[in-house]
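Here is a walk through one structure, taken a step at a time. Have the sequence and the 3D view ready before reading on.

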Number of protein chains: 2
Amino acid sequence: MRQIDEDTITQAVIARHAAAGDARLREVMTSLVQHLHAFAREVKLTEAEWAAGLDFIAECARRGGGPRAELALLSDTLGLSTLVQAQQRRARQGTEHSLAGAVTVEAANGQDVAPLIGEPCHVRGRVSSADGRPLPGAEVQIVVPGRSAAHGTSGSTQRTDAEGVFAARVLVPPQQAIAHDGPVGALLDGLGRTPWRPAHLQFVITAPGHERLVTHVFRQGDRHLEADAVFGVRPSLVADWVRHGPGRMPDGHASAVPFTTLEFSFVLNANTTTGDTP
Amino acid sequence: MRQIDEDTITQAVIARHAAAGDARLREVMTSLVQHLHAFAREVKLTEAEWAAGLDFIAECARRGGGPRAELALLSDTLGLSTLVQAQQRRARQGTEHSLAGAVTVEAANGQDVAPLIGEPCHVRGRVSSADGRPLPGAEVQIVVPGRSAAHGTSGSTQRTDAEGVFAARVLVPPQQAIAHDGPVGALLDGLGRTPWRPAHLQFVITAPGHERLVTHVFRQGDRHLEADAVFGVRPSLVADWVRHGPGRMPDGHASAVPFTTLEFSFVLNANTTTGDTP
């Protein structure tokens, strides 16, 4: 009988997967076992650390906000979400995605730091296909993190017109920390990391025959741009948010307080059948 | 601003940990991020697979049997538990440990396949220190997997005598499958793997000034020895279980059915202060 020890265990596990009917599952699990073991060897993980790690994962899974909310936040803060998304979309032309997987986290765990009164922001956007054709009738959902639904200011949904254009008035989003009163927050504290994200609006855009786009638009000059806790910032997603004094907004609304205008063009890729997040 | 993509994300995450006050936490998380990312790159993990993976972990964590029971079972079946244990104990002299971390899993999830009447097994053991000195007064707990506590046959606890010897009559344990009605069982099915473990008795031995020993003793000739679902078998832990016809057992008990005798010597290491599982 062969001795199973720290040198032979990895091959012993992999050898068991030879009979797997699902070739992709075998490929994924073989790679996972190799890298998981390489990690445990590299740091000489102790039994106490192993137990603490399992407890940490269990605590994440038990947190509220949907079945995988805190686990998704963990993945976001460790850069895994960005890596998975970036490599799946490498060859595509359209507007870059940002943290599609984390949508439910922000909705569920986003701290409510909204003042009851905020400065308004007029957003005007154009939605087109990768070939430059405008996309009329696209549904555009704008989520304003940190502005709670309870205040009726969490966002706005509308459709593009015949030229693929939409406009909406929302509140200027604040800079916002990710939920950091749970296990992921404690981990970030231990790592000396900030929980802050730069101010951003989130856009979820759908159009028939096109890939659903989930992305953020960030504000040029925001002091957290280089240190987003969840690595969602892309240079192509940073725009000028122009602040104006009190007066009439582009939609005719008279603002008694300063207001902001923002324009952005979104490009949707044609539908594919690859494994996008449902 | 630097582009964050699948090529740059890993260094971007690691760079954030430079300020961590806890050097060990920084070391562990830096290694974890590198290997986790290497895995996602190697298999080109898709967003759908990422989501399915998080859901799988969440489902494991929500299963009953203690906060980390199913996660520990997952770790066992992927060989991580064995690796962590083996490398922590590499330089030590005593009896090899086996799956200390999984104790609570078996107690909680072990399927009850016990017949109400089983063949008895007389166990005689000797407990000594690594220097050969017998250890009187050591507490020896014998767990018989698959023989439920409800039948009053789940095990036995006693202390060694002045010569470090203990003896007990338990039931012969059956071969036994790990709990496979949960997510880990589904994973094993997908990988074409058997959930079976070879028959074994589990021993938990404690003595003042010595490291707690949690180990298994397996039966020579068991057909699952080479394919233990959780990789707990070590050649040094396989012993002859001698089966006798009906008659008088070593403790004087008259058995009307065939009975088994098993002898084994256990060697405990002196206490250390390394990070053992509490």
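Angles of 65 to 115 count as roughly perpendicular, and the rest as oblique. The model shown is predicted.

Two packed helices are described by the angle between their axes and the distance between the axes. In chain B, helix α4 (residues 69-77) packs with helix α7 (residues 183-190) at an angle of about 25°, and their axes are 9 Å apart. The angle falls under 35 degrees, and therefore α4(B) and α7(B) are roughly parallel to each other. On the α4(B) side, the residues that meet the other helix are E70(B), L73(B), L74(B) and T77(B). On the α7(B) side they are P183(B), V184(B), L187(B) and L188(B). By class, the residues of this contact of α4(B) with α7(B) are six nonpolar, one polar and one charged.

From α3(A), the contact takes F56(A), E59(A) and C60(A), and from α7(A) it takes P183(A), V184(A) and L187(A). The contact of α3(A) with α7(A) has five nonpolar residues, no polar ones and one charged residue.

Next comes the contact between the two chains. The size of an interface is often given as the accessible area lost when the parts come together. Between chain A and chain B, the buried area is about 8,000 Å², and carbon and sulfur atoms give 63% of that area. Chain A contributes 89 residues to the contact and chain B contributes 89 residues.

How many salt bridges are there between chain A and chain B? The count is two. E49(B) forms a salt bridge with R24(A), with the closest N and O atoms 2.7 Å apart. Polar contacts between chain A and chain B join 24 residue pairs, both residues being at pLDDT 80 or more.

Several helices of chain A supply at least two residues each to the side that touches chain B, among them α1 (9-15), α2 (23-42) and α3 (47-62). The most comes from α2(A), with 18 residues. Sorted by class, that side of chain A has 43 nonpolar, 21 polar and 25 charged residues.

Conventions
Residues numbered from 1 in each chain as written. Chains lettered and ligands numbered in written order. Predicted model: local features only at pLDDT ≥ 70, side-chain atom pairs only at ≥ 80, totals over all residues. Heavy atoms only, no water. Axes fitted to C-alpha atoms, helices over the stretch in contact; angles between N-to-C directions. Helix = DSSP H or I, 4+ residues; strand = E, 2+ residues; numbered from the N terminus. Parallel < 35°, antiparallel > 145°, perpendicular 65-115°, else oblique. Contact = heavy atoms within 4.5 Å. Nonpolar A, V, L, I, M, F, W, Y, C, P; charged D, E, K, R; others polar. Buried area = accessible area lost by both parts, 1.4 Å probe. Salt bridge = Lys/Arg side-chain N within 4 Å of Asp/Glu carboxyl O. Polar contact = N/O pair within 3.5 Å; in protein donor to acceptor, adjacent residues only side chain to side chain.
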